[in-house]
Number of protein chains: 2
Amino acid sequence: MRDDSGVIQTFADRFLAVRERVGPLVWGLDPSAEILCEWGLGDNPDGLDRFVDIVVDVATDTVGLVKPQSAFYERHGWRGIRSLTRLCADARSAGLLVILDAKRGDVGSTNEAYAEAYLGKDAPIEADALTVHPYLGLAAMGSLFRRAHEAGSCLLVVTRSSNHEGRGVQAAETRPGVTVEVDLLCQIGQLNAELAPGRIGPVGAVIGPREWETPLDLVSPHGIYLAPGVGAQGATVDDVVRVFAACPDRVMPSASRLLLSHGPDPEALRDGVSWLADEFRSRLMATGTDSEC
Amino acid sequence: MRDDSGVIQTFADRFLAVRERVGPLVWGLDPSAEILCEWGLGDNPDGLDRFVDIVVDVATDTVGLVKPQSAFYERHGWRGIRSLTRLCADARSAGLLVILDAKRGDVGSTNEAYAEAYLGKDAPIEADALTVHPYLGLAAMGSLFRRAHEAGSCLLVVTRSSNHEGRGVQAAETRPGVTVEVDLLCQIGQLNAELAPGRIGPVGAVIGPREWETPLDLVSPHGIYLAPGVGAQGATVDDVVRVFAACPDRVMPSASRLLLSHGPDPEALRDGVSWLADEFRSRLMATGTDSEC
């Protein structure tokens, strides 16, 4: 994305700007069957379209970032993807940053197709950031990283997920004493050093706000972090503050079901989202706590 | 899927039937920008739709299984997903088995949404088999496994991918001497033993037909294997025969770019696909080589 003078603005620049304005909270837009029914919209493509109208309108006043989870749109087939397309375009037009939570990842030629699908101005569904999974290796993601860098977008590599079932793979050792997640953060640091020396780079990570056996160095990778799972998945504001104590200015905490449970009344939804946005704003942006990392 | 008497037919049953009829080759349907241009169709949703018409028609005469790679449809946005939907429906109506190569995987509630999107008769895009990635843990995939079992579909867990960049994560050790990929095959065996005791179960694996440092026990998991990467990614028919020597009756070798390079002329395409189908049929189905595993 370019600013008024035609210079590419990085995702990190845009995140810092919206953070300054409304705080770092990401609103997860997960229209499950339960939510569509509870809201009285109907679990069908029309109901999904009405969900999109409501949440984009409320998000514009309350948060700086939204995170649609692709699965909940895919379950309505191509009509659901059409709603997701509109959500992304309308949200970005309203000045929101869109993190598409799709956890894509494959061999190199396929990753190039995913890059074309979601990153840059020619993408049919343009997102500001895209989540990817690293099971087939970060070294196969060259086209995703390049395109994110060129477009001023961000790749968020799922490194430590918010669920305990992921520990088996994520805490496995690539060599004695070095876990998969530690190794990934190291690779992310190298990528950012190459792509954006001395600055926050285009490759970030998804880090669930929970503490496990291995401490992580979140300063050296010079990336932005998505911290999902606040609320329904058990993580609290305190957990986010503690886990990201070394770089509170680079964490994007995300809550989905907790916030959607306030709907469908727009005023109640607005109040619920604003409350959590204010909470993160005050806890992560208190004077003097910002790191220089 | 039910047979004429209303009994659920498993994916393994259906695979064995098409294998008997035309052999085990899977035709990978990856309409990259290069292929759409080389074929003179245009790299746009209309070109993609014409691609679907051509390949479904040719596949019906030549192979038993097709494997669309979701990324190449996603790069045309919702219209591309509409083409993918039609591809899956038309191919299944013509008696082909459809393996949707999407490598989805997430936390439990999101995996339930993916299950609803792609498995079972109410899914908007129903596939016979779906590839998934295990980075967030197989234990988070209960709803995917249950739905696949109930619908007679198959989950193919990417375990050892066809690209070397995946070795870092896949060969990491979950405990001394046990790699991630070995541990996954063990979990798959346990799942199949629970869901389909004494039979080939609904959980299979993606195993690239290459030999690495760790040998794999492909007999005990009692699953079906997808072996991608024949041709353009460097694997040969010999590689497939060697890597799956212990269970030649349960491997589905897949080629994409190699076969699409014969198009767009339907006759040339038919000849090219038939040649490789015959090759695998004769090499993997020679009398006496089938295992009982």
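How near do the axes of helix α3 (residues 45-62) of chain B and α5(B) come, and at what angle do they cross?

A: Happy to take you through it. This is a predicted model, in which local features need pLDDT of at least 70 and side-chain atom pairs count only at pLDDT 80 or more, while totals for chains, interfaces and linings use all residues. Residues are numbered from 1 along each chain as its sequence is written, and chains are lettered from A and ligands numbered from 1 in the order in which they are written.

The axes of α3(B) and α5(B) come within 9 Å and cross at roughly 15°. Axes here are lines fitted to C-alpha atoms, for helices over the stretch in contact, and angles run from 0 to 180 degrees between N-to-C directions. Helices (H or I, at least four residues) and strands (E, at least two) are DSSP runs, numbered from the N terminus. The crossing angle makes α3(B) roughly parallel to α5(B); angles under 35 degrees count as roughly parallel, over 145 as roughly antiparallel, 65 to 115 as roughly perpendicular and the rest as oblique. 

From α3(B), the contact is made by B:P45, B:L48, B:D49, B:V52, B:V56 and B:A59. From α5(B) come B:R79, B:G80, B:S83, B:R86, B:L87, B:D90 and B:A91. Two residues are in contact if their C-beta atoms, placed from the backbone, lie within 7 Å. By class, these residues divide into seven nonpolar, two polar and four charged; Ala, Val, Leu, Ile, Met, Phe, Trp, Tyr, Cys and Pro count as nonpolar, Asp, Glu, Lys and Arg as charged, and the others, Gly among them, as polar.

In all, 44 residues of chain B are in contact with 44 residues of chain A. The elements that give two or more residues to the chain B side include α4 (71-74), α5 (77-93) and α6 (108-118). The largest share, six residues, comes from α6(B). That side has 19 nonpolar, 16 polar and nine charged residues.

Let's follow α6(B) to its neighbour within the chain. The axes of α6(B) and helix α7 (residues 142-151) of chain B come within 7 Å and cross at roughly 25°, and the two helices are therefore roughly parallel to each other. On α6(B), B:G108, B:N111, B:E112, B:Y114 and B:A115 make the contact, and on α7(B) the residues are B:G142, B:S143, B:L144 and B:R147. This contact has three nonpolar, four polar and two charged residues.

Within α7(B), the buried residues are B:L144, B:F145, B:R147, B:A148, B:H149 and B:A151. A residue is buried if 20 or more other C-beta atoms lie within 10 Å of its own, exposed if 12 or fewer, and partly exposed in between, with C-beta atoms placed from the backbone. What covers the buried residues of α7(B) includes α6, β4 (129-132), β5 (154-160), α9 and β8 (203-207) of chain B. Just after α7(B), B:G152 takes a positive phi of about 70°.

For the view from the other chain, turn to α6(A). This helix, residues 108-118, is mostly covered, with 10 of its 11 residues buried. Its cover includes β3 (97-104), β4 (129-132) and α7 (142-151) of chain A together with α4 of chain B. Just after α6(A), A:G120 takes a positive phi of about 90°.
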